Amino acid sequence: METDGIFSLNLGTKYQAFGFDATDFGDFDGTLTMTMFNDSQQGLVRTFERPPGTASRNGSLLFYGFTSEAEFDRVDFRITQVRPEFEN
């Protein structure tokens, strides 16, 4: 995704662990914020950027996973991209 955006995964049951694969993460120097919800109540928030030292961003594959003591049944993904400033 080359633009800012948000999408949600409604899991249908409660979990305490979550993981996903991302390809070409950070191609546009943005951040990804994941917010977990339990019955519509906001809980755990995780924010991360492209891992440091990643010389080549194209063709990268990232697996991110975590566990939590709190249960959740929805995950919101918010992608925020860096907007380059153009000279006039």
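Arg 74 forms a salt bridge with Asp 76, in which the closest N and O atoms are 3.0 Å apart; a salt bridge is counted where a side-chain nitrogen of Lys or Arg is within 4 Å of a carboxyl oxygen of Asp or Glu. The model is predicted, and local features need pLDDT of at least 70, side-chain atom pairs count only at pLDDT 80 or more, and totals for chains, interfaces and linings use all residues. Residues are numbered from 1 along each chain as its sequence is written, and side-chain values use heavy atoms, with hydrogens and water left out.

The secondary structure of the protein consists of four strands and zero helices, where helices (H or I, at least four residues) and strands (E, at least two) are DSSP runs numbered from the N terminus. The order of elements from the N terminus is therefore written β-β-β-β. Buried residues account for 28% of the 88 residues in the protein; buried means under 20% relative accessible area, exposed over 50%, and partly exposed in between, with a 1.4 Å probe and protein chains only. The accessible surface comes to about 6,200 Å², and 48% of it belongs to carbon and sulfur atoms; these areas come from the Shrake-Rupley method with a 1.4 Å probe, and for residues only the protein chains shown count as cover. Of the contacts between residues at least 6 apart in sequence, 78% join residues at least 24 apart, a contact being heavy atoms within 4.5 Å.

Asp 76, the partner of Arg 74 in the salt bridge, is placed in strand β4 (residues 61-80). Asp 76 counts as buried because its relative accessibility is 10%. The side chains of Asp 76 and Arg 74 also make a polar contact at 3.0 Å; such a contact is a pair of N or O atoms within 3.5 Å, and within protein one must be able to donate a hydrogen and the other to accept it, while residues adjacent in sequence count only if both atoms are side-chain atoms. When residues up to four places away in sequence are not counted, Asp 76 touches Ile 6, Phe 7, Ser 8, Thr 33, Met 34, Thr 35 and Phe 37. Thr 35 also stands opposite Asp 76 in β4.

Strands β2 and β4 run antiparallel and are joined by seven bridges; two strands pair if DSSP finds at least two bridges between them. Six of the eight residues of β2 are buried, so this strand is largely enclosed by the rest of the structure. Leu 32 is found in β2 and is buried, because its relative accessible area is 6%. Between Leu 32 and Thr 80 there are 6.5 Å in space, C-alpha to C-alpha, although the two are 48 residues apart in sequence.

The largest nonpolar core has 11 residues in all, namely Phe 18, Phe 20, Ala 22, Leu 32, Met 34, Met 36, Phe 66, Phe 72, Val 75, Phe 77 and Ile 79. A nonpolar core is a set of buried Ala, Val, Leu, Ile, Met, Phe, Trp, Tyr and Cys residues joined through side-chain atoms within 4.5 Å. Two or more residues of this core come from each of β1 (5-23), β2 (31-38) and β4, and β4 gives the most, with five. In soluble globular proteins, nonpolar side chains tend to be buried together. Phe 72, a member of the core, has contacts beyond its neighbours within four places in sequence, including Leu 11, Tyr 15, Phe 18, Met 36 and Phe 66.

The count of salt bridges comes to three. Side chains of opposite charge can pair when their charged atoms come close. The side chains of Lys 14 and Asp 39 meet in one of the salt bridges at 3.0 Å, N to O. Lys 14 lies in strand β1 and Asp 39 in the loop between β2 and β3, so the pair ties together parts that are 25 residues apart in sequence. Asp 73 and Lys 14 also meet through their side chains in a salt bridge, at 3.5 Å, N to O. This pair links distant parts of the chain, since Asp 73 is in strand β4 and Lys 14 in strand β1, 59 residues apart. Lys 14 counts as partly exposed at 33% relative accessibility, whereas Asp 73 counts as buried at 17%. Salt bridges that share partners join Lys 14, Asp 39 and Asp 73 into one network.

Asp 39 is exposed, with a relative accessible area of 52%, and its phi is near 50 degrees, a positive value in a residue other than glycine. Ser 40, found in the loop between β2 and β3, likewise has a positive phi, of about 70 degrees, although it is not a glycine. Ser 40 counts as exposed at 57% relative accessibility.
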